[in-house]
Amino acid sequence: DARELRFVRLNKAGEALLGYSRQELLGKRDYDFFPKHEADFFTQHDRETLEQCTLVDIPEEIVHTRDQGQRILHTKKIPIMDKDGKPHYLLGISEDITERKRAEEQLRRYEFIANAATEFMTLINQQHVLEAANDAYCRAQGRSRPELIGRSLAAVWGEARYREKILPYLQRCFTGEIVRYEDTFAISGGEPRHFQVGMYPYLAAPGGPVTYAAIVTVDVTDRVQAEAALRDLNTTLEVRVADRTRQLSEANAQLAELDRLKDDFISRISHELRTPLASIKIYLELLEAGKPEKRQKYMQVLNEQTARLQQLIESLLEVTRQRLAAEEVMLTPVDLNHLAQTLADDAGPRAAQCGLTLTTQLTPALPPVKGEAVLLAQVLSNLMRNALSYTPTGGAIEIATAPIDEGNTRWLTLT
């Protein structure tokens, strides 16, 4: 009713929407059923329609119903005139758009998720035409969404690539199969990259035909490159391990050979040492209990065997020297006076036997030098052996130590 804004007619759809029967509503106003702020809103638009005598379209208005809670309506209000051209009734036509609004909101959320993703997402219809594409796909193509939607895959990717790389998989997808594969291609004119493509069939109804194919493309270049680098590393490691294993095998073989040679050397040198020692022992017994007239002969044999034994010992020392020379030399403090005196004590009897005079001139309190004691002793022993061998009978041999200053450097000598 245009004058008092009371309900005079209501169809069954209105009863179902509001949750009130026709008998409950007829003769009542908005304030009898709805919260005041809603009733104010409805009344304002009612009076606006009656004042303007024209249709008023309200895209959205909220109404609280008895059974369905809050609903969203799209309402059109139309004035109905009397014979004098004045509003007599106000016709309200409302459409419940609640579910549509919810679907639109849900769709906006899905679009937000899709557009926030870095993967390429597209929806393809049965004619292999783009129906939808997310922002990532548009960026990759370097085109806007209106430029892409409605175009065929052949037009977007080129006929050759479409037929060779896309169509075989898409045909399988439209039979209901989920298809996954990897491919390499360039986007936006850049370098080729590796992608993982998934095609998912969409059925309009369970058991019905596939109406769309959703395609999700993921850039897996970093993963593929990492896998290739890992394979290369594994290959390199396998080569290195094989090479190292070969080296160790060769080293083990060499060590085994050296161990065999060592055992052989020890066996031989033991035999060589045993022979002169046995002779010396026998002739010492003969010298003690034998005939006096043969002592000269016994002494000659003893000297020969002693010289032989000394030569064997010198050979062993030479082997030791060579081994030390092959190893890293460890320098330690060495007392030259002690080396010289030890050398003189060892060589004294041989010098006397050769008719030579052996003396020492050692500087007291001589500081130690850094050297390798075994190697220095070997050098001095070789020098003394030469002196004993080549100094004429009646000659003299002197061992001396002394400090010598040369500029800012002080040397310690042993001659």
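Some ground rules come before the structure. Residues are numbered from 1 along each chain as its sequence is written, and side-chain values use heavy atoms, with hydrogens and water left out. Because the model is predicted, local features need pLDDT of at least 70 and side-chain atom pairs count only at pLDDT 80 or more, while totals for chains, interfaces and linings use all residues.

I start with the sheet. Five strands form an open, antiparallel sheet in the order E5-E4-E8-E7-E6. Helices (H or I, at least four residues) and strands (E, at least two) are DSSP runs, numbered from the N terminus. Two strands pair if DSSP finds at least two bridges between them. The edges are strand E5 (130-133) and strand E6 (179-185); each has a single partner strand, so one side of each is left without a neighbour in the sheet. From one strand to the next, the twist averages 25°. Axes here are lines fitted to C-alpha atoms, for helices over the stretch in contact, and angles run from 0 to 180 degrees between N-to-C directions.

Now two of the pairings. Strand E4 (residues 120-125) and E8 are antiparallel and share six bridges; isoleucine 124 has alanine 213 in E8 as its bridge partner. E4 and E5 also run antiparallel, joined by three bridges, and threonine 122 is bridged to alanine 133 in E5. The hairpin of E4 and E5 has four residues between the strands, and histidine 128 there takes a positive phi near 60°.

Where does threonine 211 sit? Threonine 211 is in strand E8 (residues 210-219). Threonine 211 counts as buried because its relative accessibility is 18%, and buried means under 20% relative accessible area, exposed over 50%, partly exposed in between (1.4 Å probe, protein chains only). Leaving aside residues up to four places away in sequence, threonine 211 touches Ile124, Asn125, Gln126, Phe174, Tyr202, Leu203 and Ala204. Contact means heavy atoms within 4.5 Å.

Helix H9 (residues 221-289) lies across E6, E7 and E8, and runs at about 130° to E7.

On a 1 Å grid over the protein atoms alone, a cavity is a set of points where a 1.4 Å probe fits but cannot get out, and a pocket is an open set with protein on both sides within 12 Å along at least five of seven lines; lining residues have an atom within 4 Å of a point. Grid points are joined across faces, edges and corners, and a volume is the space filled by probe spheres set on the points.

The largest pocket has a volume of about 870 Å³. Of its 28 lining residues, Phe7, Arg9, Leu10, Gly92 and Ile93 are the closest to the centre. Strand E3 (87-96) is among the elements that supply at least two residues each, and E3 has the largest share, six residues.
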